[in-house]
Amino acid sequence: MTTHDFTLSRNAFGKLVFTAANGDRFEGVVPVRAFPIGAPDDGIALVNADGQELAWIMRLTDLADDTRTMVEEELASREFMPEIQRIQRVSNYNAPCTWFVETNRGDASFTLKGEEDIRRIASTSLLIADNHGVQFLIRDTQALDKGSRKILDRFL
């Protein structure tokens, strides 16, 4: 475990407060993932309100439990990327069409404007943008059930 020379706390408004070893305090600190999809727990910068990096965290597990919890809560409140676990059905196989999916955040439906809104980000990972700009992640296409893969193959 790596030790860090800062502390994190929350102010009365729930904002993160970064206190450096020299006593400098920064309110409204934001954690930013360097690799939000490929390595979400590795490489996290703590930046101030002006976007200046205050600290670099190699791994979330390097942090003390209470600090790690605050960083994870802040990341969760800022990031919204539902992960598709199953494709239930699509309205048709020509875009635009409506997808009905199961995600890690519950059932959802969204409109796919065109096949170009499905982007491959790794050999088995996809990012699908809906008509409102929400990004849906398929972390591993091979982990999907057979029916979901069959539907997905029609669009790839």
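**Close-up 1. Trp99 and its contacts.** Trp99 touches Ile87, Arg89, Val90, Ala108, Ser109, Phe110, Leu112, Ile118, Ile128, Leu152 and Phe155, leaving aside residues up to four places away in sequence. Contact means heavy atoms within 4.5 Å. This is a predicted model: local features need pLDDT of at least 70, side-chain atom pairs count only at pLDDT 80 or more, and totals for chains, interfaces and linings use all residues. Residues are numbered from 1 along each chain as its sequence is written, and side-chain values use heavy atoms, with hydrogens and water left out. Trp99 sits in strand E8. Helices (H or I, at least four residues) and strands (E, at least two) are DSSP runs, numbered from the N terminus. The relative accessible area of Trp99 is 0%, so Trp99 is buried. Buried means under 20% relative accessible area, exposed over 50%, and partly exposed in between (1.4 Å probe, protein chains only). Arg89 is 10 residues from Trp99 along the chain, and their C-alpha atoms are separated by 6.2 Å.

**Close-up 2. The two sides of helix H1.** H1 has 14 residues and covers residues 65-78. From first C-alpha to last, H1 reaches 20 Å, close to the 20 Å expected at 1.5 Å a residue. The expected span is 1.5 Å times one less than the number of residues. Thr67, Arg68, Met70, Val71, Glu74 and Leu75 are buried in H1. They cover an arc of only 160° around the axis, which puts them on the same side of H1. The arc is that of the directions from the helix axis to the C-beta atoms. An α-helix has 3.6 residues a turn, so residues three or four places apart point the same way. The buried residues of H1 pack against strand E1 (6-10), strand E2 (16-20), strand E4 (30-33) and strand E5 (42-47). On the face turned away from the buried side are the exposed residues Asp65, Asp66, Ala76 and Ser77.

Close-up 3. Ser148, Ile151 and Leu152 are the buried residues of H2 (residues 146-153). They cover an arc of only 100° around the axis, which puts them on the same side of H2. These buried residues pack against E7, E8, strand E11 (126-129) and strand E12 (135-138). The face of H2 turned away from its buried side carries the exposed residues Lys146, Lys150 and Asp153. Gly147 also lies in H2. Its relative accessible area is 37%, so Gly147 is partly exposed. Gly147 and Arg89 are 58 residues apart in sequence, but 8.9 Å apart in space, C-alpha to C-alpha.

**Close-up 4. The largest pocket.** The largest pocket has a volume of about 370 Å³. On a 1 Å grid over the protein atoms alone, a pocket is an open set of points where a 1.4 Å probe fits, with protein on both sides within 12 Å along at least five of seven lines. Grid points are joined across faces, edges and corners, and a volume is the space filled by probe spheres set on the points. The pocket is lined by 15 residues, and Arg33, Pro36, Glu79, Met81 and Arg139 lie nearest its centre. Lining residues have an atom within 4 Å of a point. H1 gives the most to this lining, with three residues. By class, the lining has seven nonpolar, one polar and seven charged residues. Ala, Val, Leu, Ile, Met, Phe, Trp, Tyr, Cys and Pro count as nonpolar, Asp, Glu, Lys and Arg as charged, and the others, Gly among them, as polar.

Close-up 5. A cis peptide bond joins Ala95 and Pro96, with omega about 0°. Pro96 is in the loop between strand E7 (84-90) and strand E8 (97-103).

**Close-up 6. Gly106 and Gly114.** Gly106 has its place in strand E9. At 31% relative accessibility, Gly106 counts as partly exposed. Gly114 is in the loop between strand E9 (106-112) and strand E10 (118-120). With 4% relative accessibility, Gly114 counts as buried.
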